[in-house]
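Please look over the model before reading on.

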Amino acid sequence: MSLQLRNVALRLGEQTVLRDVSLELAPGEVVGLLGRNGAGKTSLLRLASGTWLPDAGDVLFEGRALSDFPRSLLAQKIAVVPQDLHVPFPFRVGEVVLMGRGPYQRWLGFESSHDIECAQRALERMGILHLADRRIPELSGGERQLVLIARALAQEPDCLLLDEPTAFLDLEHRIRVLEVVRELVASGASALLVSHDLSLAARCCERLLLLADGRVAAEGAPGEVLRADTLRRVLGFSATVIEGPDGLPLVVPELGRKDSVERGA
Amino acid sequence: MKHLTAGRLGAVLLASLGVLVVCLAIGLVTGPSGISPGAALDALLHPAESGALADIVWRIRVPRLLLAAGVGASLAVAGVIFQALLRNPLADPFILGVSGGAALGGISVLVLGTWIGVGAGAAPLAAFAGAIGTTLLLYGMAAVRGRVSATQLLLTGVVFNAFASAGIVFLASIAGLADGSRIFLWLIGNLSAARTDMGIVVGVFLVVGLGVALSLARGLNLLALGDEAAAQLGMAVERQKKILLLATSLMVGAAVSVSGLVGFVGLIVPHLLRLVLGPDHRLLVPASALLGAAFLVLCDTLARSLLGGRELPVGAITALVGGPLFLVLLRRNSDRSFTA
Amino acid sequence: MPTSACRNLFPAWPAVARRRRDFAAWAITLISVVSFHALEARAEASAERVVSLAPSLTAILVTLGAGDLLVGIDEVSARQQPALAQRVRVVGGLFNPSLEGVVALEPDLVVFVPSAEQRNFQQRLSAVGIATEAFSNLRFEDVLENIERLGRLAGREPAARERIDAIRAVRAQLEASNRAVETPRVVMVLQRDPLFVVGGGSFIDDMIAIAGARNLAAELGDAYPRASIEWLVAAAPEVLIDMDASHEPAPAYWGRWPALGARGRIVHLDPSLVTLPGPHLDRAMQRLAAALHPMAPFERGAPPAGAR
């Protein structure tokens with residue numbers, strides 16, 4: 001098992017954000033994490049990356065608690081793609097992607113030719129090699145997301161945690177991102193993907209995990225989780241779920257039927 | 001793809017060092033006594049000589065140049081570190097109240113020292129204490145869930161600054177006349193009291209602080225992405241931030257204790273350099289040290305020669321030079337800039 | 001007493017305060033002239049309840065035997081006249097006298113030195129109908145005039161005349177004996193760090209000339225300028241008179257720049273002896289002359305040390 005969360009709970013102030021959530025990621029597997037805004041998806045990702053510690057439960061990587069890993073070693077194993085990139089200083093795209101090599105560097109850390117190669121390959125895979133010398137503040141939101149994914153790829157991780165990596169992207173780039181994730185997983189890594197694009201998630205992920213109010217509301221293969229009644233109960237909208245030509249579910253939202261929606265527990 | 005190489009770092013350091021040497025040379029041959037540059041250089045080459053010329057070069061100008069260089073480098077490096085820690089290019093030891101805390105500590109001893117039985121010699125120690133105390137207070141006040149948020153740090157700094165200013169004004173009010181003039185010079189920033197032992201104190205803390213900043217320069221780059229991203233990219237964020245804050249407050253305390261509140265160095269030098277060199281801290285930290293030193297050497301040379309035998313406080317020069325320059329740069333670069 | 005040198009001297013206050021004074025000088029002079037004329041009539045009769053806001057004026061009044069007229073003094077006066085301070089009220093510092101404290105004493109005259117801060121205070125006193133008299137004490141002749149005016153206001157004219165005559169006598173004697181000796185080049189240090197010296201156009205500068213020396217700092221163009229140490233070393237004074245009140249001995253401090261001691265003499269002088277523009281300028285001149293010309297024989301009759 002590459003990444004394991006066992007019965008984790010998390011409180012922020014008075015509020016319980018996650019309770020009794022368990023999740024396992026096997027090598028070669030992509031798990032999709034779905035849920036409404038504020039369901040606890042990003043918090044779960046923070047626990048999975050060791051950024052925050054859970055108030056209860058365990059988070060293990062390859063059987064070892066995350067808190068036992070030195071930070072740099074952990075960053076060689078687990079890479080995170082956050083929702084957006086805000087830099088107060090005008091770093092170049094290439095510089096930010098090279099920071100993905102940080103866990104492998106020591107002291108002043110001049111980049112080795114291998115580091116450069118990794119960063120270049122990552123840029124190439126995201127199709128943004130031509131942006132390498134541009135300044136981050138000059139980029140569009142979608143371009144910044146591609147940079148963040150390239151940075152995570154440059155980390156050469158065993159486990160990739162992506163927080164809505166395709167939110168600002170056009171369809172072409174969404175597909176490219178998911179293809180890259182599949183490629184990475186095919187070589188033995190694992191991935192956890194937070195997404196609001198249900199149909200796309202169904203095509204990228206082996207399993208889906210539906211989070212509601214800090215609990216696991218549904219879990220299983222895309223066909224088992226993406227059902228009209230579950231969507232209405234947990235995500236709060238009406239949709240028709242049909243089977244696509246690839247045999248995977250397609251979610252077709254129904255507009256104008258909000259009145260019939262009641263919020264799930 | 002552009003990236004930092006040892007060659008580029010070397011070239012930048014060499015160029016910065018060149019600028020510093022030129023500024024030191026200008027400072028060495030300039031002064032109110034009007035000795036010729038040739039005579040000044042000659043006196044520099046013969047340290048064993050005695051007489052007014054040797055005194056002026058070896059016992060007045062050289063200690064003062066070295067002190068200005070040390071203070072300038074300390075303040076510039078402290079500015080770089082605070083800007084990275086707070087992810088705000090306008091952060092600075094003054095905005096955070098660390099300089100104010102150091103000044104409050106030093107001035108407390110200047111004013112109250114005779115009552116509590118310590119001499120004015122304890123002022124530098126009290127300034128360290130003030131700087132470290134302020135940093136600890138900031139940390140204590142701003143810590144949330146064991147982490148420090150930049151917003152809270154800045155806000156706490158603003159409030160502490162108001163407190164420190166009030167304390168300084170209060171002490172100045174109860175101080176006598178002569179102490180009043182000393183406090184005035186502290187508040188505006190002044191290097192006229194330069195002595196070799198001061199230079200040594202500043203130098204020691206500069207070496208420590210610069211060493212820390214250089215060894216954690218990559219971490220400063222990561223911190224610019226945010227604490228969370230820095231942690232996810234393998235940085236032991238909390239520990240390194242504490243080390244950086246401690247090193248920085250030591251540098252600021254040392255600088256303030258010998259020169260008072262010299263403003264703008266920590267703000268203007270890193271800014272200028274970021275425009276020229278980009279934001280990579282592996283370049284920015286050493287270049288800021290060298291050019292911060294050069295900047296203050298030049299400003300202090302102006303301060304001590306502009307009015308002939310009469311002294312100007314160097315803080316007035318840095319503010320007069322730095323303020324407008326800063327505004328011009330901000331304006332000129334607003335189109336392709338980083339609105340943070 | 002520490003730092004008394006500078007406490008006696010308003011002008012050693014930082015540059016900014018002085019700038020402000022220069023800037024407003026002509027306007028304020030105009031106001032003062034007008035108010036002096038208005039007060040002339042009231043001041044004819046001798047005052048009975050006097051508040052003094054300057055140590056030099058307090059000292060003159062006490063010396064003229066008019067100390068019993070005083071009902072209020074400033075903090076620095078109080079420190080210099082402890083006996084008097086037992087009896088009268090202290091109404092605040094030189095730069096922050098308390099308006100309420102002064103008014104409560106119901107004085108018929110408030111005497112002060114027209115510094116920037118006290119001018120403002122004068123206007124507020126006048127606004128509540130209290131008579132004030134300004135006494136500039138920048139130059140030597142100003143001080144003599146102050147003694148005369150205070151004598152008149154306090155009804156002690158004979159004592160004032162006697163004091164002025166004594167001062168003029170010592171002046172004439174010194175000027176006569178000076179012709180025989182050469183005039184050394186001198187710098188008088190009021191405070192070491194930050195370095196303040198006696199510049200041109202002050203009563204101390206006048207006394208330097210009377211005592212037969214040339215004040216090198218006159219070229220700095222201010223009565224009490226802040227000087228740079230480099231200027232001092234380059235000026236190479238033959239006599240450096242150090243009046244700083246700090247504990248560090250003069251030789252240790254000035255030894256940092258050996259050329260100063262090698263080229264000239266360094267003399268420490270108790271600032272209370274010469275920096276007060278008060279009633280004993282005769283003694284001050286003798287002190288100064290003794291420091292400037294240790295070999296000259298004109299100290300006849302002057303006590304050897306510390307007479308106050």
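Helix axes are lines fitted to C-alpha atoms over the stretch in contact, and angles run from 0 to 180 degrees between N-to-C directions. The model is a predicted one.

**A helix pair in chain B**

H1(B) and H3(B) pack with their axes 10 Å apart, at an angle of about 145°. The crossing of H1(B) past H3(B) is right-handed. H1(B) brings B:Leu24, B:Gly27, B:Leu28 and B:Val29 to the contact, and H3(B) brings B:Val57, B:Arg61, B:Val62 and B:Leu65. By class, this contact has six nonpolar residues, one polar and one charged.

**The interface of chains A and B**

How many residues does each chain give to the contact? Chain A gives 45 residues and chain B gives 39 residues. The area buried between the two chains is about 3,500 Å². Carbon and sulfur atoms give 62% of that area. Within the area that chain B buries against chain A, B:Met1, B:Arg218 and B:Gln232 supply 21%, more than any other three residues.

Polar links also span the interface of chain B and chain A. There are eight residue pairs in polar contact, with both residues at pLDDT 80 or more. Two salt bridges are found across the interface as well. The side chains of B:Glu228 and A:Arg46 form a salt bridge, at 2.7 Å from N to O.

Several helices of chain B each supply at least two residues of the side that touches chain A, among them H1 (6-29), H3 (52-86) and H13 (281-305).

**Salt bridges**

Over all chains, the structure holds 38 salt bridges. Two are listed here.

| B:Glu228 | A:Arg46 | 2.7 Å |

**Backbone features**

Most residues other than glycine have a negative phi, and most peptide bonds are trans. A:Asn7 is not a glycine, yet has a positive phi of about 50°. A:Asn7 is found in strand S1 (residues 3-12) of chain A.

Which residues does a cis peptide bond join? The bond joins C:Asp193 and C:Pro194, with omega about -5°. C:Pro194 lies in the loop between strand S6 (185-191) and strand S7 (196-197) of chain C.

Terms used:
Residues numbered from 1 in each chain as written. Chains lettered and ligands numbered in written order. Predicted model: local features only at pLDDT ≥ 70, side-chain atom pairs only at ≥ 80, totals over all residues. Heavy atoms only, no water. Contact = heavy atoms within 4.5 Å. Buried area = accessible area lost by both parts, 1.4 Å probe. Salt bridge = Lys/Arg side-chain N within 4 Å of Asp/Glu carboxyl O. Polar contact = N/O pair within 3.5 Å; in protein donor to acceptor, adjacent residues only side chain to side chain. Helix = DSSP H or I, 4+ residues; strand = E, 2+ residues; numbered from the N terminus. Left-handed = near helix turned anticlockwise from the far one by under 90°. Nonpolar A, V, L, I, M, F, W, Y, C, P; charged D, E, K, R; others polar.
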